[in-house]
Amino acid sequence: MKKIRMQIDEKEVVAEEGMTVLEAALQAGISIPTLCYHEKLEPFGGCRLCMVEVESGGRTRLVVSCVYLAEEGLVVRTRSEKIDKIRKVILELLLAHAPDSPKLQEYAAEYGADKNRFEKEASFCVHCGLCVRYCAEVKQKHAVGFIDRGIRKEICFIPEIAAKECPGCKECFELCPTSYLQAAYVLVESLASR
Amino acid sequence: MKLNTPQDLEKLRQDILSKRDPDRPCISICVGTGCLAFGAREVIEAIRAEIKTQGLDAEIDTKGTGCPGFCERGPVMVIYPQEICYLQVKPEDAPEIVSAIKAGKVVERLLYVDPATKEKATRESDIPFYQNQERRVICNNIRIDSKSIDDYLAIGGYSALAKVLSGMTPEAVLEEIKKSNLRGRGGAGFPAGRKWEGSRNAPGDTKYVLVNADEGDPGAFMDRALLEGNPHAVLEGLIIGGYTVGAREGYIYVRQEYPLAVENVNLAITRAEEYGLLGENILGSGFDFKVIVHRGAGAFVCGESTALMTALEGRVGEPRPKYIRSNVKGLWQKPSVLNNVETWANVPLIINRGADWFTQIGTKGSKGTKIFSLVGKIKNTGLVEVPMGMTLRDIIYKIGGGIPGGKKFKAVQTGGPSGGCIPESLLDLQVGFDELTDAGSMMGSGGMIVMDEDTCMVDVARYFIEFLTDESCGKCVPCREGLRQMHKILTRITEGKGREGDIETLEELSEVAVEASLCALGKSAPNPFLSTLRYFRDEYEAHIQDKRCPARSCQALTSYYIDPEKCQACLICMKKCASKAIDGGKNKIHVIDQEKCTQCGVCLDVCPSRFGAVVKISGEPVPPPIPEEQRTIVRKKKEK
Amino acid sequence: MQADRIEKIIDRHQGEASSLIQILLDIQGEDNWLSREALERVGERLGVSLARIQHIATFYKAFSLVPKGRHQINVCMGTACHVRGSPRVLSTVQDLTGIRPGETDLDMKFSLETVNCLGCCALGPVVEIDGKTHGNVSAANTADVLKGYE
């Protein structure tokens, strides 16, 4: 496997070809906040928390580190005033949905995010997609999926498949950062038992 | 019958032309979607019936054609060869029109009349609306039957393809396109030549060329007119593009909301296949190419290039990160060139007339022409094709005829939901990609929405953000959640519930959406807000601080009031008021009960203009009703 | 929709997974909605999960998962129509029909939707009913436009 030499936060990092910047950073012990990333799943690029600044070929830009591939000679900065502001606002937007999420609260403390900045939203799903993707990619049962788009997007169980597959599985439950998934499952279970 | 060589094509063309008498009268009627809604189908049937009745079948031809752009005055009719142009034609006009052709006369009352000079214009080219345009691409729409390939051949169609396939190498074609500096007409204005080159040089044998006919920007319908009216021009450009890039398959992604465009482009493909202009070994060149039409299913985000490709793959239209450009890894991860309908339609022109001809007009960075859909508060609504570099003032006033109803111009919105508003102070701006971007807007696909003094700019921002909260794919936080909160705040402001700090919050959310969104939809979503804030900050401040809507448009901040000095107690508004909120009677001055009024605006619409008694009030208290005894109107008795 | 009609539509597109959206458009075009049975059959034939089909059927506005009324009213809310007063037209239509966008009335007479630009901006505000375009609609004449639909 070809080796790639890059710099993350002024630290020399060696990655393998095909790794993303996030994977290279994690391997080197450098932490970058994530919500929708999971090592067993294809990168999603939805939460945007892992955005970092990269410099290559004289050009500097913000990219999503869970998707952007490691390059030879890449210079990466995981913190900056701009990056921190973006993370703070993203957290504030998500805390409007799930103020009690332990993971969001932990990041909120680090980035100074105010969980009361925005009015509370009814749905506490943060659309990390971990449940949908895990069921599709790892379990390959497709018991839960997304519906609709924009601000009306939600997750939704397919009742017949969930009734058959979920009681004996529930592996996605521990992935959910907000426990919205468990709530949605309980609802679909109770509707099915009627 | 299959054409096996370029010479076969020329022979067929000459054959078609020889059978046509250029002096024979031909009545062309626009049957694009707009004119059809005005009754063009009934007109064309009446004309055909009249020709039959007068026994002139062998002497006069009729054609249902594509959109010539003067949509405000539809149905539009042009009679060849004299190019006599009749506007707002009705079926009842048929006998007079046909008789006039026979007598060599003109039906004066159907001609265009200049509102200022009162002069009549007989020919299409005499009408100021058309005179001031540079109609390189859209000019052919009214000349051809959109369903006929022979008509397209008769005006020189597919000669560019023949030229390319009879001796130009793909590199030579690429050089010409690069030299022309043709920039994408769909929104971003990316140089087409560079995009094609990237795909041509990308590794791999399978490549694609794609037509973006999603045209999601509300208010824009240029691509509809081109695809309905002259689908072969787009096909010809696409085949040339495929040859240049090395693609054997092309896709046309058309929105399903354009059923006529879907029908006409599918028909055009069938006709082209019959002649061997699509399929295997086109004109004997060894080049194989086929085109597939894919209908959109109602999603604005699918106009974004990566989302479009994802939709072509049969999935939801979620955009993908562009760290590797789609001309290298696009549809099915293969090199794919996606260009807009108008961009493709320009290609045959560039090949036939040359890049030097193409660059004769335009600004430094923007060459050629652009078709705009001029809509909103404008007298001459329609499609206009102008050289890059024409000023907004000329487009809106010289071609558009200015603002109707004696109202004052306020702003022109370009670029759709990704664009911005340009105020009066910048009316002398030259249209061009970079010029519009520098002013805080963008060229976009060509929608140009004119707004007047009655348009609330805060509401405009709210409207576009609302549109995007529905159309966003919902995958990334800065767009989905950022727009959700921006919409809430802007709605509150238009309802008179704006707070200190709202503008700063909107600005911060805008910044994050611009920097961190997954795709161009999210990144450009704040533009309408940012540009209206830049040029109309006073309106935002009036809404938030004074609870006043300067345009008197926001329903929650506007009251309707009948001026007792002007009211003539005609009873019209009383009868039309759906909320029964108006009190009054014959000779009794009408008064609106503010508690019952729903601010629907019907009273203002129906009050006769000679009275003009209904006014809108915002930011001030409504005057109390005048005392009962003063409400009786005493009419002066006529002198005997 | 009968099973054999669904099979024919899928066969027309050679049962290709990438034609999923085109197939659903054809079924929607004939029946005016997508039944659960139709979605399941398409998923089976194309080897696509029901979760994915469900997302597609709800993501794209051309599809309806519930049966529609006899007459489809589309009110254009595009920018040009908006500037000419379409929000007032929409609220008048809502008052007259008793339904909001996305809904069908109890008699199954009208279904109401908003659309984002029909491309007839010269006639704005525009209301399309059963494919017929009505132009220059205002709050004052909406009732006349809706008359005559049984």
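Two strands are counted as paired if DSSP finds at least two bridges between them. By that rule, strand E1 (residues 71–76) and strand E3 (residues 127–129) of chain C are antiparallel partners joined by 3 bridges. Helices (H or I, at least four residues) and strands (E, at least two) are DSSP runs numbered from the N terminus. The model is predicted: local features need pLDDT of at least 70 and side-chain atom pairs count only at pLDDT 80 or more, while totals for chains, interfaces and linings use all residues. Residues are numbered from 1 along each chain as its sequence is written, and chains are lettered from A and ligands numbered from 1 in the order in which they are written.

**Chain C: overall layout**

- Chain C holds 7 helices and 4 strands, which follow one another along the sequence as α-α-α-α-β-α-α-β-β-β-α.
- The domain assignment, which is automatic or taken from a database, divides chain C into domain 1 (3–59) and domain 2 (71–146).
- The centres of domain 1 and domain 2 of chain C, taken over C-alpha atoms, lie 29 Å apart.
- Along the principal axes, the C-alpha atoms of chain C fill a box of roughly 50 × 30 × 25 Å.
- Of the 150 residues in chain C, 47% are buried; a residue is buried if 20 or more other C-beta atoms, placed from the backbone, lie within 10 Å of its own, exposed if 12 or fewer do, and partly exposed in between.
- Among contacts in chain C with a separation of 6 or more, 59% are between residues 24 or more positions apart; a contact requires C-beta atoms, placed from the backbone, to lie within 7 Å.

**Chain C: the sheet**

- The strands of chain C form an open sheet of 4 strands, ordered E2-E1-E3-E4, with mixed pairing.
- Strand E2 (110–115) and strand E4 (132–134) of chain C are the edge strands, each pairing on one side only.
- From one strand to the next, the twist averages 25°; axes are lines fitted to C-alpha atoms, for helices over the stretch in contact, and angles run from 0 to 180 degrees between N-to-C directions.
- Within the E1–E3 pair of chain C, C:Ile73 stands opposite C:Ile129 in E3(C).
- Helix H6 (residues 86–97) of chain C packs on this sheet and touches E1, E2 and E3 of chain C, its direction making about 155° with that of E1(C).

- Strand E11 (residues 369–376) of chain B pairs with E12(B) in the antiparallel sense over 6 bridges, and B:Thr369 has B:Pro387 of E12(B) as its bridge partner.
- B:Tyr275 sits in the loop between helix H12 (259–274) and E9 of chain B and is buried, with 20 other C-beta atoms within 10 Å.
- Apart from neighbours within four places in sequence, B:Tyr275 is in contact with B:Met1, B:Lys2, B:Leu3 and B:Ile149.
- The C-alpha atoms of B:Tyr275 and B:Leu9 are 8.9 Å apart, although 266 residues separate the two along the chain.

- The 15 residues of helix H2 (residues 81–95) of chain A should span 21 Å at 1.5 Å a residue, and the end C-alpha atoms are 21 Å apart, which agrees; the expected span is 1.5 Å times one less than the number of residues.
- H2(A) is mostly covered, with 11 of its 15 residues buried, including A:Ile83, A:Arg87 and A:Leu95.
- These buried residues pack against strand E3 (51–56) and helix H3 (102–111) of chain A, and also against helix H19 (477–494) and helix H20 (502–516) of chain B.
- The contact between the two chains takes 22 residues from chain A and 23 residues from chain B.
- On the chain B side, helix H18 (457–471), H19 and H20 each give two or more residues, and H19(B) gives the most, with 7 residues.
- That side of chain B divides into 10 nonpolar, 5 polar and 8 charged residues; Ala, Val, Leu, Ile, Met, Phe, Trp, Tyr, Cys and Pro count as nonpolar, Asp, Glu, Lys and Arg as charged, and the others, Gly among them, as polar.

**Contact between chains B and C**

- Here 42 residues of chain B are in contact with 34 residues of chain C.
- The side of chain B that touches chain C has 19 nonpolar, 15 polar and 8 charged residues.
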